[in-house]
Amino acid sequence: MNNSFLKVLDGSPQSPPPVWLMRQAGRYLPEYRALREKAGDFLNLIFTPEHAVEVTLQPVRRFGFDAAILFSDILVIPHALGQSVRFAAGEGPRLEPLAGGEAVKHMAGEVDQNVLAPIYETVRLVKAKLDAGTALLGFCGAPWTVASYMIAGQGTPDQAPARLFAYREPAAFAALIDILVEASAAYLIRQLQAGADAVQIFDTWAGVLPPEEFIRWCIEPTRRIVAKVRAQIPGAKVIGFPRGAGTLLALYVEEIPVDAVGLDWTVDRGFVRDRVQTRVAVQGNLDPLVLVAGGAALDRGVDAVLDAFAGRPFIFNLGHGIVPETPIAHVETMLKRIRGT
């Protein structure tokens, strides 16, 4: 196997470490902006395989990343469950909010795979275009994070609508989570069957939950998804990313048999090295704004991440997605420093 990314997921440290970036296909790239304008609607960009393949490959072609990540969005699952989803320019996603438990009862119980079929076609086409040294990563949103958007109808600073729903109507919220567990597992299984080498589960809003709720709504649903995926595809490679989990990362990797865990930029690296990296590979965790700043701050940031996690299984990444104002030259500088070139 001549693929450093997959070697790390198998537990083998690599030097230099493999590197890819969350949201590496996006608005900081002029070629993306040109295709985005041509496609018009964001969902059209995702669900047109010709466009989605090109966007997925753009950053790999430009930077030589060690992994390509499928160009899609975590909200394709609500879309395939029949919830209205649209992306307003400059405002982010907008959904028809779920107004209480009665709305959950009337939801579709499973995703419409015909809606998601173009995404699986994108996976197949991308896989055929990648060389053996570049891994293909699929993904989904974790149930808690996806549910938070479904309930509020948009992103909110602290996900209060979803948290209140879970406290006030726990049975209805659990029913929604159950639907999302089944839908997410089926979605990941089909991505892997189409050619994805590994998948990542994004729990972007895990950090707003207190410990008891973190266990109930973050750990348990993700554990069930991983079990369902591996029941169909033994040995499937899975990365978890519970952003903002802090010291609960140790519990996360104890309870969920992920192959790697993503780290946000606020986590204590010493804690991770001592309590998490001894158990699984880690991925992260450069502050995306350090990549925007560049210069000496970027050099220090890259070196700090490398120094913290060297010698053990590690994938270099950001602590969250790359932001649109990131200069391309700073990405190139970062890669040279990581790779020693």
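A nonpolar core is a set of buried Ala, Val, Leu, Ile, Met, Phe, Trp, Tyr and Cys residues joined through side-chain atoms within 4.5 Å, where buried means under 20% relative accessible area, exposed over 50%, and partly exposed in between (1.4 Å probe, protein chains only). The views show a predicted model, in which local features need pLDDT of at least 70 and side-chain atom pairs count only at pLDDT 80 or more, while totals for chains, interfaces and linings use all residues. Residues are numbered from 1 along each chain as its sequence is written, and side-chain values use heavy atoms, with hydrogens and water left out.

**Figure 1. The largest nonpolar core and F316.** The largest nonpolar core holds 134 residues, and F5, F316, V331 and M334 have the most contacts inside it. Helix α10 (residues 170-194) gives the most to this core, with 14 residues; helices (H or I, at least four residues) and strands (E, at least two) are DSSP runs, numbered from the N terminus. Not counting residues up to four places away in sequence, F316 touches P17, P18, V19, W20, G284, L286, V302, V305, L306, M334 and I338, contact being defined as heavy atoms within 4.5 Å.

**Figure 2. S184 in helix α10.** S184 lies in helix α10 and counts as buried because its relative accessibility is 2%. Beyond residues up to four places away in sequence, S184 touches C140, G141 and I225.

**Figure 3. The largest pocket.** This pocket has a volume of about 1,300 Å³. Of its 37 lining residues, R23, R27, F42, D73 and F87 are the closest to its centre. Two or more lining residues come from each of α2 (30-39), β2 (85-88), β3 (92-95) and α8 (143-152), and α2 gives the most, with 3 residues. The lining divides into 21 nonpolar, 9 polar and 7 charged residues; Ala, Val, Leu, Ile, Met, Phe, Trp, Tyr, Cys and Pro count as nonpolar, Asp, Glu, Lys and Arg as charged, and the others, Gly among them, as polar. On a 1 Å grid over the protein atoms alone, a pocket is an open set of points where a 1.4 Å probe fits, with protein on both sides within 12 Å along at least five of seven lines, and lining residues have an atom within 4 Å of a point. Grid points are joined across faces, edges and corners, and the volume is the space filled by probe spheres set on the points.

Figure 4. Strands β2 and β3 run antiparallel and are joined by 4 bridges; two strands pair if DSSP finds at least two bridges between them. R86 has R94 in β3 as its bridge partner. The hairpin has 3 residues between its strands, and G90 in the turn has a positive phi of about 75°.

**Figure 5. The surroundings of W205.** W205 lies in the loop between β5 (198-203) and α11 (211-232), and W205 is buried because its relative accessible area is 15%. W205 and R243 are 38 residues apart in sequence and 6.4 Å apart in space, C-alpha to C-alpha. R243 is also among the residues that W205 touches, as are W144, T145 and Q159.

**Figure 6. Backbone geometry at selected residues.** Most residues other than glycine have a negative phi, and most peptide bonds are trans. A cis peptide bond joins S15 and P16, with omega about 0°, and another joins G284 and N285, with omega about -15°. R23 has a positive phi of about 60° although it is not a glycine; R23 is exposed because its relative accessible area is 52%. Q159 has a positive phi near 55° and lies in the loop between α8 and α9 (160-168); Q159 is buried, with a relative accessible area of 0%.
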